[in-house]
Amino acid sequence: MTNIFIGLSNNQIKSYESLLKKGIKGNNILIANSSLNFDQTLFSTVILSESSFNNQASGRLQSIQNITNKISEYKRIVKGLKSYKRDKDITLYFTYIEDVLTNYLFFSFNKNLRGIVVEDGTLNYYNHTIENLNKKKVYLKKVLSSLYGLNFTLYKGHSSGIEYNKVIKQYVRSPKLSMFPEKSEELPYSKRSANLTDTFLIIGQEAYINESGKELYNTRLQQLFEVIKKNNGYNTVSKIYYKPHRNGERIDYNLLYDAFLDKEVEVLSANEPLEDLYFNEIGSENIFSFDSSALLNIYLEAAEEIKSKIKFTVLLKYNKELRFIFERFNFKIIE
């Protein structure tokens, strides 16, 4: 059996490794960016990208260049998988089929291929389809992919691909709350403790800049800052952390420093897994964001002795379809 794991983020790879430790057998192949963390001993083969899978482009030209560079790398990776093109027993582990590499492997690489979706965010909990994407960017991606000989299929149904018959199942942290619970199994994860600190953590979601524009994102970020300043613990807190998303154009961090002049502000690395930073180092008692999946991950992974002490605040300005899941965990929701 051949198992191909597409690792676009540290969280994704961590989930794959938890599944492998449960006993996935076969020729396990990981595709990842060289900057990501992985346990080499769990994989038979690791194919590393020479450039980042992240997209932090600023402006149209940089965005096109970023997509082109990524597709060029994907083409090289596909060549490295050529010997598996006719395997009769092959499974692809992935998160969503809007990514060019995943899309090509899922639809065009091997007719015998099965799919298993592995959660990496909130996508699995609401009805996200190709209609949610920027149409110009989708067709640009399709055209550029074709120039490199990688067919990009305009998919149907949920962007995770879970609705296709060849997808066996999906692993998610909360199967009952997910889309298509009948095809869902619980993703194995460990409970973690932390030394809670009297600090604030802001989880950025710069990926929304690509969808809705930087001006709107900055406006909503300022609204989030006002919510933070009205928090009962604001006057006594001395330090505020900001964790940017791995994707999306970078914000002007002077927005943070100017908003919180009387506080120490630290911008965390975009590439470090936030959940690891949180439990190992930060431990903020108050966490603020728009609708970040990291809110759910931290809540679900938190050991019972600290879970009730962590306060989650969601400024629900973008994806209001996620209200039900934040309500389920009693997060404070502001609209």
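Trainee: What is the volume of the second largest pocket?

Mentor: This is a predicted model, in which local features need pLDDT of at least 70 and side-chain atom pairs count only at pLDDT 80 or more, while totals for chains, interfaces and linings use all residues. Residues are numbered from 1 along each chain as its sequence is written, and side-chain values use heavy atoms, with hydrogens and water left out. A pocket is an open set of points on a 1 Å grid over the protein atoms alone, with protein on both sides within 12 Å along at least five of seven lines; grid points are joined across faces, edges and corners, and a volume is the space filled by probe spheres set on the points. Under these rules the second largest pocket has a volume of about 240 Å³.

Trainee: How much space lies in the largest cavity?

Mentor: A cavity is a set of points where a 1.4 Å probe fits but cannot get out, and the count comes to one cavity of 30 Å³ or more. The residues lining the largest cavity include Glu-119, Arg-173, Asn-297 and Phe-329, and helix H9 (residues 293-301) gives the largest share of that lining, four residues. The space in this largest cavity is about 50 Å³.

Trainee: Why is H9 described as largely enclosed by the rest of the structure?

Mentor: A residue is buried under 20% relative accessible area, exposed over 50% and partly exposed in between, using a 1.4 Å probe and protein chains only. Among the buried residues of H9 are Ala-294, Leu-296, Tyr-299 and Glu-301. H9 is largely enclosed because the buried residues number eight of the nine.

Trainee: Which residue makes a polar contact with the side chain of Lys-169?

Mentor: Lys-169 is found in strand S6 (residues 167-172) and, with a relative accessible area of 18%, is buried. A polar contact is a pair of N or O atoms within 3.5 Å, where within protein one must be able to donate a hydrogen and the other to accept it, and residues adjacent in sequence count only if both atoms are side-chain atoms. At 3.5 Å, the side chain of Lys-169 is joined in this way to that of Glu-185.

Trainee: Is Asn-330 buried or exposed?

Mentor: Asn-330 lies in the loop between helix H11 (323-328) and strand S13 (332-334), and its phi is near 60 degrees, a positive value in a residue other than glycine. Phe-180, in the loop between S6 and strand S7 (184-186), also has a positive phi of about 60 degrees and counts as partly exposed at 22% relative accessibility. Asn-330 has a relative accessible area of 69%, so it is classed as exposed.

Note on methods. 1 Å grid on protein atoms, 1.4 Å probe; cavity = no way out; pocket = protein on both sides within 12 Å on 5 of 7 lines; lining within 4 Å. Helix = DSSP H or I, 4+ residues; strand = E, 2+ residues; numbered from the N terminus.
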